Amino acid sequence: MRDGPLSGVLVLDFSRVLAGPFCARMLADQGAEVIKIEPPQPDITRTAPPIVDGLSAYYSQFNAGKLGVSVDLSDPEVVSLLGTLSESADVLLENFRPGVLARHGLGADRLRARNPRLIYCSISGYGQSGPWANRRAYAPVVHGEAGVLASNARLHDSPVRQEALSHADIQSGLMAMGAIGAALFDRERTGCGQHLDISLADVSVYTNEFSGPELSGQTGPAGYAGAASILLTLGDGTIVATQGNPADNFRQWVRAMERPDLLEDPRFARYPARLLHRAEIDALLYEFARGFASFAAFHEAVDPHRIAIGVIRTVAELARTEWAEDRGLVFEPVEGLRLPRVPYRSTRGEIGAWSRAPRRGEHNREAFARLLGLDDAALDRLEERGALSRAP
């Protein structure tokens with residue numbers, strides 16, 4: 001993207017794995033110039049399968065559109081160069097445990113003293129201060145500590161089980177992106193940067209739609225939750241997702257089934273009774289759904305009654321639909337490497353990073369020459385002693 005809302009904004013991305021890289025990918029999508037700064041031991045997600053043209057699809061999804069440099073932070077000259085680079089940067093993003101970059105001379109206080117306009121964003125498990133600040137934290141652990149797993153178990157009325165997706169990381173990346181955008185806007189009015197402290201645990205509570213009810217005393221299963229909705233199998237084997245608790249929207253299903261007599265049944269006449277007889281309602285809907293030979297026929301039958309349904313698909317299956325083609329859901333920076341496009345469209349033109357993720361250290365010479373004015377001799381010297389390195 002040549003000219004986006006954040007065109008001209010320089011971002012130093014020290015982050016790794018998921019929350020920080022996702023935030024930085026979104027900044028790149030908006031047109032910011034994002035420099036991914038990696039140590040010689042690269043981001044561990046670079047090895048996540050599948051590998052296409054030497055690039056991990058997982059890594060690429062969260063690092064598309066960035067430039068990549070690989071530096072040794074134990075080298076004093078490298079630290080000095082990065083400190084100088086921070087003076088012209090707009091945003092610095094990191095997701096180490098508190099104090100890690102400070103021990104290398106790149107902490108928020110020191111860099112913001114050199115550049116008061118710098119927005120320094122730190123993402124961590126439990127925040128930059130407090131009794132849990134230095135605990136090791138990854139999304140699966142935070143899901144447990146922050147109530148996500150307990151909420152799921154309560155809403156499903158089932159034993160606690162781990163999440164398959166890293167919601168805490170993704171939500172924290174989104175929250176960091178919003179906070180950085182707000183900080184950039186504030187800086188336009190005040191001229192001042194700030195240090196942003198994003199905690200995965202805080203974000204997990206804030207984005208849990210049932211935190212308010214639970215904090216206010218709700219216990220036990222919630223009948224109106226999405227967890228109470230039903231999956232139906234059609235006659236052709238298609239599995240269909242539905243919305244809401246069928247005990248709640250039973251009257252709509254009755255109209256779709258053309259079975260008004262069911263409302264005269266004491267088991268189904270009133271909502272409290274329907275909750276007690278949920279199994280019987282489910283059985284009625286299972287039988288109803290089996291009578292349809294296709295999703296199109298089922299949709300035609302239930303849609304007029306304000307019932308939302310959708311096919312259970314994989315992401316790859318969705319990408320092959322006419323809807324995905326019309327939306328431009330996927331882009332392919334390298335043949336065979338297919339990545340999700342930024343999920344909204346703008347009347348101002350194309351939005352999103354279109355280039356692949358960088359290989360480790362791929363842009364060492366370009367970035368340090370252009371942004372810091374280093375000549376070939378200086379770059380050669382840094383490379384010879386391993387202060388700058390790149391993937392073979």
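The second largest pocket of this predicted model holds about 780 Å³ of space. Its lining is made up of 36 residues, and those nearest its centre are Arg16, Asn95, Phe96, Arg97 and Tyr138. Three elements, β2 (33-38), α4 (100-103) and β7 (119-124), each give two or more residues to this lining. The largest share comes from α4, with 3 residues. By class, the lining of the second largest pocket has 20 nonpolar, 7 polar and 9 charged residues.

The largest pocket has a volume of about 1,100 Å³. It is lined by 38 residues, and the closest to its centre are Gln61, Phe62, Val315, Leu339 and Pro340. The elements that contribute two or more residues here are the helices α1 (19-29), α2 (57-63), α8 (167-190), α15 (315-319) and α16 (322-327), together with the strand β13 (337-340). The lining of the largest pocket divides into 27 nonpolar, 5 polar and 6 charged residues.

Two of the strands, β2 and β7, lead from the second largest pocket to a sheet in which both take part. This sheet is open and has 6 strands, in the order β5-β2-β1-β6-β7-β8, with parallel pairing. Strands of a sheet pair through backbone hydrogen bonds, either parallel or antiparallel. At the edges stand β5 (67-70) and β8 (194-199); each has a single partner strand, so one side of each is left without a neighbour in the sheet. From one strand to the next, the twist averages 20°.

Within the sheet, β6 (residues 91-94) runs parallel to β7, and 4 bridges join the two strands. Leu93 stands opposite Cys121, a residue of β7.

Cys23 is in no disulfide, and the nearest cysteine sulfur to its own is that of Cys121.

How values were computed
Residues are numbered from 1 along each chain as its sequence is written. This is a predicted model: local features need pLDDT of at least 70, side-chain atom pairs count only at pLDDT 80 or more; totals for chains, interfaces and linings use all residues. Side-chain values use heavy atoms; hydrogens and water are left out. On a 1 Å grid over the protein atoms alone, a cavity is a set of points where a 1.4 Å probe fits but cannot get out, and a pocket is an open set with protein on both sides within 12 Å along at least five of seven lines; lining residues have an atom within 4 Å of a point. Grid points are joined across faces, edges and corners, and a volume is the space filled by probe spheres set on the points. Ala, Val, Leu, Ile, Met, Phe, Trp, Tyr, Cys and Pro count as nonpolar, Asp, Glu, Lys and Arg as charged, and the others, Gly among them, as polar. A disulfide is a pair of cysteine sulfur atoms within 2.5 Å. Two strands pair if DSSP finds at least two bridges between them. Axes are lines fitted to C-alpha atoms, for helices over the stretch in contact, and angles run from 0 to 180 degrees between N-to-C directions.
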